[in-house]
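Student: Hi! I have just opened a new structure and could use a guided tour. Can we chat through it?

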Amino acid sequence: MAGTTATERSGTSRGGGTLYRGDLGMWSWVAHRITGVLTFFFLFAHVLDTALVRVSPDAYDKVIETYKNPIVNLFEVGLVGAVLYHALNGIRVMLVDFWAKGPKYQRQMLWAILAVWVLVMIPGTYFMLVRTVSDMFGGH
Amino acid sequence: MSELILDKPRSPRRPAARRGNGELYSWLFMRISGVALVVLVLGHLFIMNVLDGGVHRINFGFVAGRWASPFWQFWDLAMLWLAQIHGGNGLRTVINDYARKDATRFWLKVLLYASMVLIISLGTYVIFTFDPNITD
């Protein structure tokens, strides 16, 4: 159906839409989008809370206390995980774009960045939660 | 049975096939800012959330100590601007992909650009006017 392809390409795409369907590469792209959008929304809140240093030390310290809450602390692990995936997959995207053999090894590079993600997140999660957990069960 | 659809000879060129190099520069910016943000943001997250007790040691005094140094002021300023433009450009693409009506697309982008201007302005203002002795 050569006609179909030609019609779609010259058709009604608006505003530079870039939807496409693939297999594993598509899921890495979906995850890249979701982690990117989540991080952007967090950044909006984070600049607002940091701006409280211009109000008073007390106002800033109060809002920062919420970051030390055990539940919020877990969300921070999620945020770091999302940003780390976005960063690693971003490097992979750049290698696909600029490295001659990038497209050939895109699948292996996805497994590689997922392995790096796990290896970084294991100690990362430990150090992010250790103080919270020790505060919850026992001494200060 | 399949037939090739070709323009007739001497048919007028389709307008708006080229709209300048904006999307190319946008694509390139995402990669250049991305490299910088890998260092800036992962460094920020490591210092703030992982190192030496992580988030539990952060308070007004901690911020005052960091922003006493021009190095960290510049770090945070660069991170703020690059992250907002990188993220804003990413959301622009997401809006282009999923908004179905032109009016929806237009108003979502107005909201997006307004939030970017607000956050970049406020963040820049805070970094440049930070006063460690605000209560005195």
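Predicted model: local features only at pLDDT ≥ 70, side-chain atom pairs only at ≥ 80, totals over all residues.

Student: Thanks! Is B:Asp52 buried or exposed?

Tutor: B:Asp52 counts as exposed, because it has 9 C-beta neighbours inside 10 Å. The cut-offs go like this: a residue is buried if 20 or more other C-beta atoms lie within 10 Å of its own, exposed if 12 or fewer, and partly exposed in between, with C-beta atoms placed from the backbone.

Student: And what is the phi of B:Asp52 near?

Tutor: Phi of B:Asp52 is near 55°, a positive value in a residue other than glycine. Most residues other than glycine have a negative phi.

Student: OK, zooming out. What secondary structure does chain B have?

Tutor: Chain B comes to four helices and zero strands, in the pattern α-α-α-α along the sequence. Of its 136 residues, 12% count as buried.

Student: What about chain A, how many helices there?

Tutor: Chain A has five helices and zero strands, running α-α-α-α-α from the N terminus on. Of the 140 residues of chain A, 16% count as buried.

Student: Which residues of chain A does UniProt list as "transmembrane region"?

Tutor: The unreviewed UniProt entry gives residues 30–51, 71–88 and 109–129 of chain A. UniProt positions are given in the numbering used here, feature names are shortened, and annotations may be inferred rather than shown by experiment. In the model, residues 30–51 of chain A are 95% helix and 0% strand, with end C-alpha atoms 32 Å apart. Residues 71–88 of chain A are 100% helix and 0% strand, and their end C-alpha atoms are 26 Å apart.

Student: And which ones in chain B?

Tutor: For chain B, the unreviewed entry lists residues 24–47, 67–85 and 106–128. Residues 24–47 of chain B are 100% helix and 0% strand, with 34 Å between the end C-alpha atoms. Over residues 67–85 of chain B, the chain is 89% helix and 0% strand, and the ends are 23 Å apart, C-alpha to C-alpha.

Student: Let's pick one helix. How many residues are in α3 of chain B?

Tutor: Helix α3 of chain B (residues 70–98) has 29 residues. From first C-alpha to last it reaches 41 Å, close to the 42 Å expected at 1.5 Å a residue (the expected span is 1.5 Å times one less than the number of residues).

Student: Which residues of α3(B) are buried?

Tutor: The buried residues of α3(B) are B:Asp76, B:Leu80, B:Ala83, B:Gln84, B:His86, B:Gly87 and B:Leu91. Their cover includes α2 (24–50) of chain A together with α1 (22–50) and α4 (102–129) of chain B.

Student: How many residues from each chain does the contact take?

Tutor: The contact takes 40 residues from chain B and 42 residues from chain A. The elements giving two or more residues to chain B's side are α1, α2 (60–67), α3 and α4 of chain B.

Student: Last topic: how many residues does the largest nonpolar core have?

Tutor: The largest nonpolar core has 17 residues, and those with the most contacts inside it include A:Val80, A:Leu84 and B:Val41. Such a core is a set of buried Ala, Val, Leu, Ile, Met, Phe, Trp, Tyr and Cys residues joined through C-beta atoms within 7 Å. The largest share of this core, six residues, comes from α4(A).

Student: What does A:Val80 touch?

Tutor: Leaving aside neighbours within four places in sequence, A:Val80 is in contact with A:Gly124, A:Met128, B:Leu45 and B:Asn49.

Definitions and conventions. Residues numbered from 1 in each chain as written. Chains lettered and ligands numbered in written order. Contact = placed C-beta atoms within 7 Å.
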